[in-house]
Amino acid sequence: MKFWDTSAIIPIIIEQDYSPEVKSILKADPHMVVFWGTIIESFSALSRLLRENSLDDASYKNASGLLK
């Protein structure tokens with residue numbers, strides 16, 4: 001079991017440079033422990049990526065749905 005924070009959650013739900021590595025870690029150990037505020041931090045991170053045009057509207061909606 002590993003502790004997962006926002007920096008690990010975001011590459012799971014959207015493709016980033018570290019996505020393959022993070023997904024491999026998750027596959028090897030699928031039990032997640034997260035901070036109760038991680039969902040808020042994750043929505044904030046997605047919103048920042050959207051503002052920076054690093055994420056389009058459809059990807060934002062898809063990733064947001066995965067967080068719920």
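Tutor: We'll take the helices one by one, then look at the core and a few single residues. Keep in mind that this is a predicted model.

Student: Which residues of α3 are buried?

Tutor: A residue is called buried when its relative accessible area is under 20%. In α3 that applies to Thr38, Ser42, Ala45, Leu46 and Leu49. Those residues cover an arc of only 95° around the axis, so they sit on the same side of α3.

Student: Can we zoom in on one residue? Is Ser42 buried or exposed?

Tutor: Ser42, which belongs to helix α3, has a relative accessible area of 1%, so it counts as buried. Leaving out residues up to four places away in sequence, Ser42 touches Thr6, Ile9, Ile10 and Leu67.

Student: What about Arg48?

Tutor: Arg48 is in helix α3 too, but its relative accessibility is 37%, so it counts as partly exposed.

Student: Now α1. How many of its residues are buried?

Tutor: Six of the eight, so this helix is mostly covered. The buried ones are Thr6, Ala8, Ile9, Ile10, Pro11 and Ile13. Among the elements covering them are β1, α2, β2, α3 and α4.

Student: How do I describe the way α1 and α2 meet?

Tutor: Look at how close the axes come and at what angle they cross. The axes of α1 and α2 come within 8 Å and cross at roughly 100°. That makes α1 roughly perpendicular to α2. At the contact, Ala8, Pro11 and Ile12 of α1 meet Ser19, Val22, Lys23 and Leu26 of α2.

Student: What does Pro11 touch?

Tutor: Not counting residues up to four places away in sequence, Pro11 touches Thr6, Gln16, Tyr18, Ser19, Val22 and Lys23. Pro11 lies in α1, and its relative accessibility is 2%, so it counts as buried. Asp57, 46 residues from Pro11 in sequence, is 17 Å from it in space, C-alpha to C-alpha.

Student: Which residues have the most contacts inside the largest nonpolar core?

Tutor: Trp4, Ile10, Ile13, Ile14 and Leu46 do, in a core of 14 residues. The elements that give it two or more residues are α1, α2 (19-28), α3 and α4. The biggest contribution comes from α1, with four residues. Take Ile10 as a case: setting aside residues up to four places away in sequence, it touches Gln16, Ser42, Ala45, Leu46 and Leu49.

Student: Which residues of α4 are buried?

Tutor: Ala63, Ser64 and Leu67. Viewed down the axis of α4, they fall within an arc of 105°, so they line one face of the helix. These buried residues pack against α1 and α3. On the other side of α4, Ala58, Lys61 and Leu66 are exposed.

Student: Last one: where is Asn53 found?

Tutor: In the loop between α3 and α4. Its backbone is worth a look: Asn53 has a positive phi of about 60° although it is not a glycine. That residue comes just after α3. With 69% relative accessibility, Asn53 counts as exposed.

Terms used. Residues are numbered from 1 along each chain as its sequence is written. This is a predicted model: local features need pLDDT of at least 70, side-chain atom pairs count only at pLDDT 80 or more; totals for chains, interfaces and linings use all residues. Side-chain values use heavy atoms; hydrogens and water are left out. Buried means under 20% relative accessible area, exposed over 50%, partly exposed in between (1.4 Å probe, protein chains only). The arc is that of the directions from the helix axis to the C-beta atoms. A nonpolar core is a set of buried Ala, Val, Leu, Ile, Met, Phe, Trp, Tyr and Cys residues joined through side-chain atoms within 4.5 Å. Contact means heavy atoms within 4.5 Å. Axes are lines fitted to C-alpha atoms, for helices over the stretch in contact, and angles run from 0 to 180 degrees between N-to-C directions. Angles under 35 degrees count as roughly parallel, over 145 as roughly antiparallel, 65 to 115 as roughly perpendicular and the rest as oblique.
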